[in-house]
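Please keep the sequence and the structure in view while reading.

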Amino acid sequence: MSPNMVRSVCPYDCPDTCGLLVEVEGGRAVRVSGDPAHPVTRGLLCPKMNHYERTVHSPRRLKIPLLRTGPKGEGRFEPLSWDEAIERIASRWKGLIVRFGGECVLPYSFAGTMGLVQRNSGHPFFHKLGASRLERTICSPAKEAGWRAVMGDTAAMDPAEIEQSDLAILWGINAASTSIHVMRDALTARRRGARLWAIDTYRTPTCEAADEAFIVRPGGDGALALGMMHVMVREGLTEQAFIRDNVLGFEAFAEKVLSDCTPEWMSPVCGLPAAIIERMAREFAAAKAPFIRLGCGLTRYGNGAMTVRTIACLPALSGAWQRPGGGLFTGTSTGDAFPLQRVTREDFMERPTRLVSMNQLGAALSELGDPPIMSLYVYHSNPAAVTPDQNAVIKGLERNDLFTVVHERFLTDTARYADIVLPAASSLEQPDLYRCYGGYQSQRCAAAIPPVGEAKSNWEVFSLLAGGMGWDEPFFKQSADDLVEQLLDFETPWRDAGMTRSLREGEPVLLTPPSKSKCDWKTPSGRIEILSDREPEPLPRLLATHAAGDGFPLRLQPATTPYALNSSFYEQDGLREKQECMALMMHPQDAAARGLTDGRRVIAYNDLGEVVFVLKATERVPAGTVVTEGVWWREFIPGRRGVNALTSQRLTDSGRGSTLYDAAVEVRGK
Ligand SMILES: Nc1nc2c(c(=O)[nH]1)N[C@H]1C(S)=C(S)[C@@H](COP(=O)(O)OP(=O)(O)OC[C@H]3O[C@@H](n4cnc5c(=O)[nH]c(N)nc54)[C@H](O)[C@@H]3O)O[C@H]1N2
Ligand SMILES: Nc1nc2c(c(=O)[nH]1)N[C@H]1C(S)=C(S)[C@@H](COP(=O)(O)OP(=O)(O)OC[C@H]3O[C@@H](n4cnc5c(=O)[nH]c(N)nc54)[C@H](O)[C@@H]3O)O[C@H]1N2
Ligand code: SF4
Ligand SMILES: [Mo]
């Protein structure tokens with residue numbers, strides 16, 4: 001590596017956790033590329049990160065602290081020194097806590113950076129403050145709940161096994177956009193002779209790359225899996241020897257699917273013809289090592305956890321688990337590889353404080369609880385854009401008696417409502433240690449460049465705030481690197497001394513899961529539990545979505561785009577221009593039925609709000625479904641409301657997750 005080349009890690013909330021090479025000149029990042037020596041990245045970056053230097057050195061970067069001078073939301077501020085900013089925040093909190101108690105402060109953070117130290121560095125501070133706690137459940141807790149119901153604590157299989165599968169199924173995952181290394185590995189399997197299926201609610205780029213795409217009705221995958229299992233049981237396509245030794249509850253379940261789940265009955269629920277369900281069942285059962293990679297899309301529904309639980313029964317019935325390449329992958333859990341409690345410091349809490357769901361921020365800010373939330377501290381998240389029920393969130397943020405601080409790299413939709421804005425460092429300006437939820441890669445990195453302007457890392461700000469509060473715990477006086485060292489200085493079966501040394505030296509490492517066999521079932525019975533007495537319902541069954549009862553005719557999918565990551569990357573003009581505009585894709589038949597033509601402005605509406613889109617009539621979406629991609633910043637949206645003005649605060653059946661995809665609307669011309 002040349003001397004001006006520095007190793008770093010992609011900090012974004014993506015299952016791939018890429019290794020980066022950053023070329024630095026005069027304290028600036030001038031080029032970013034994928035690390036060819038990284039075992040998973042292998043030199044390949046996604047379009048978002050190919051020009052990360054344009055994000056890091058964007059003219060839109062916030063460089064100094066700011067104090068609000070105009071009405072909330074307008075974005076008028078004046079400069080403030082760091083000392084003054086910290087002093088104002090600390091003295092305001094001290095006053096509020098005397099009047100209302102610590103729980104009147106609510107932190108709001110999620111996944112702007114996935115680094116273990118920077119991501120979690122607010123926890124010890126807010127625990128000591130006695131603040132309300134945020135339930136960080138916007139992403140995919142229903143997926144975890146569904147997996148756990150059947151598989152308990154069983155470790156994830158190695159996702160790289162997909163290359164050995166003969167039937168690779170990308171189910172509710174738009175891998176071509178959201179996890180390009182998964183897509184690469186699925187295509188490798190295909191080149192080696194595997195068939196590749198995609199199961200989605202519209203024709204995504206992933207569907208285009210597959211041998212066959214199955215377009216289902218939103219939230220209908222549980223019905224599809226039940227229909228398939230009916231056929232497998234009816235036609236004797238289950239693997240009895242495997243079931244006898246490994247599965248609990250097959251007989252009761254088989255009886256239920258035989259009587260209740262014929263393909264004909266499941267067809268209208270999942271939107272696929274009965275004959276297709278039958279063929280999928282036969283081909284799945286005939287495959288030697290079918291591999292299901294489950295994404296997040298199908299989990300963000302009122303029935304999301306039950307859907308995952310149902311799909312998790314498929315490889316149990318076919319015995320796919322026994323063979324290399326066969327099984328189900330929902331995500332890795334590498335939580336035991338590092339002692340995160342040394343960063344989060346739950347022990348700083350005097351007593352467990354109130355929990356507030358991040359999906360219900362709108363309600364939390366407006367339904368004045370006891371105590372009411374009087375201050376919101378937002379860091380590495382953009383709730384005014386990403387959180388469901390945007391109108392409720394914005395109404396809350398407009399409250400004049402709410403003291404809002406936002407620590408950000410950009411003047412986001414949320415930062416515009418702040419009383420004080422603090423400039424945040426980007427990942428290249430801060431040290432951290434990363435692990436991964438889509439594989440086993442882990443890597444430490446140092447800061448590659450000095451901070452842009454007066455930007456500070458999350459950890460540095462909490463260190464300053466602790467000083468401002470007058471706390472003298474040595475804990476808060478450490479550096480982020482000290483904390484990284486504490487995470488590494490820990491014995492665990494996940495890594496040997498050599499791997500820990502490599503991590504210390506900034507090299508990418510693949511952690512080794514302690515389970516040696518993927519058939520090591522970590523459930524109370526020691527079997528795959530189709531029947532579970534830990535669940536409120538003993539067996540998987542058909543469950544309706546929330547929106548099914550809403551009375552609006554079109555199902556809305558707020559999907560992802562290859563050119564942004566949630567609301568990140570809108571600062572890069574080139575990437576944003578690739579998306580063109582906030583479009584609503586609709587089947588030409590649905591457009592014609594409403595007298596709407598391609599390219600015109602339309603309004604999508606439901607009980608929660610109205611959103612202006614540009615209509616894109618396309619057969620990529622089936623009749624009855626409309627799709628929009630990306631979480632746009634309001635400044636680039638004609639109607640100043642994003643798609644989350646149409647999504648609801650309702651939670652998933654289990655896991656208290658968001659139900660972002662579980663929405664219905666009607667559309668009219670503007
Ligand atoms: N380019 C890009 N990459 C990203 C992100 C991004 O925004 N953009 N976001 C990152 C984050 S935070 C996450 S959590 C992951 C998410 O990545 P994925 O797991 O791929 O999740 P989504 O893209 O939300 O949804 C996947 C697909 O599910 C489909 N879907 C929706 N409902 C259903 C359903 O009921 N059934 C089926 N079968 N399919 C359904 C959607 O149309 C979508 O194409 O990606 C990460 N990577
Ligand atoms: N409509 C719709 N809504 C969605 C989704 C969707 O697909 N569609 N996806 C959902 C999902 S899966 C998720 S995970 C959430 C994600 O929601 P968020 O976690 O809020 O993710 P981002 O939108 O990427 O916003 C992260 C912000 O953190 C800032 N940031 C980055 N690094 C740092 C740092 O080190 N310090 C500080 N202080 N700030 C930093 C970035 O500038 C950015 O504005 O959104 C959810 N909302
Ligand atoms: S967003 Fe994902 S695919 Fe893109 S560079 Fe980061 S980790 Fe890799
Ligand atoms: Mo996510």
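Ligand 1 is surrounded by 32 residues, and the closest are D200, G219, D221, T560 and A564; a residue counts as near a molecule if one of its heavy atoms lies within 4 Å of it. The model is predicted: local features need pLDDT of at least 70 and side-chain atom pairs count only at pLDDT 80 or more, while totals for chains, interfaces and linings use all residues. Residues are numbered from 1 along each chain as its sequence is written, chains are lettered from A and ligands numbered from 1 in the order in which they are written, and side-chain values use heavy atoms, with hydrogens and water left out.

**Contacts of ligand 1**

- An oxygen atom of ligand 1 lies 2.7 Å from a polar backbone atom of G219, and a nitrogen atom of ligand 1 lies 3.1 Å from a polar backbone atom of I199.
- The side chain of Y661 places a polar atom 2.7 Å from an oxygen atom of ligand 1.

**Surroundings of ligand 3**

- The residues around ligand 3 are C10, C14, D16, T17, C18, L45, C46, K48, M49 and I180.
- By class, this shell has seven nonpolar, one polar and two charged residues; Ala, Val, Leu, Ile, Met, Phe, Trp, Tyr, Cys and Pro count as nonpolar, Asp, Glu, Lys and Arg as charged, and the others, Gly among them, as polar.

**Buried residues**

- T353 is in the loop between helix 16 (341–344) and strand 14 (355–357); helices (H or I, at least four residues) and strands (E, at least two) are DSSP runs, numbered from the N terminus.
- T353 is buried, with a relative accessible area of 7%; buried means under 20%, exposed over 50% and partly exposed in between (1.4 Å probe, protein chains only).
- The side chain of T353 reaches the backbone oxygen of A131 at 2.8 Å.
- Y377 belongs to strand 15 (residues 375–379) and is buried, at 0% relative accessibility.
- Y377 and F403 are 26 residues apart along the chain, and their C-alpha atoms are separated by 8.4 Å.

**Backbone features in loops**

- D370 and P371 are joined by a cis peptide bond, with omega about -5°; P371 is in the loop between helix 17 (361–366) and strand 15.
- N566, a residue other than glycine, has a positive phi near 50°; N566 is partly exposed, at 40% relative accessibility.
- R656, also a residue other than glycine, has a positive phi near 55°; R656 lies in the loop between strand 26 (625–629) and strand 27 (663–669).

Definitions and conventions. A polar contact is a pair of N or O atoms within 3.5 Å; within protein, one must be able to donate a hydrogen and the other to accept it, and residues adjacent in sequence count only if both atoms are side-chain atoms.
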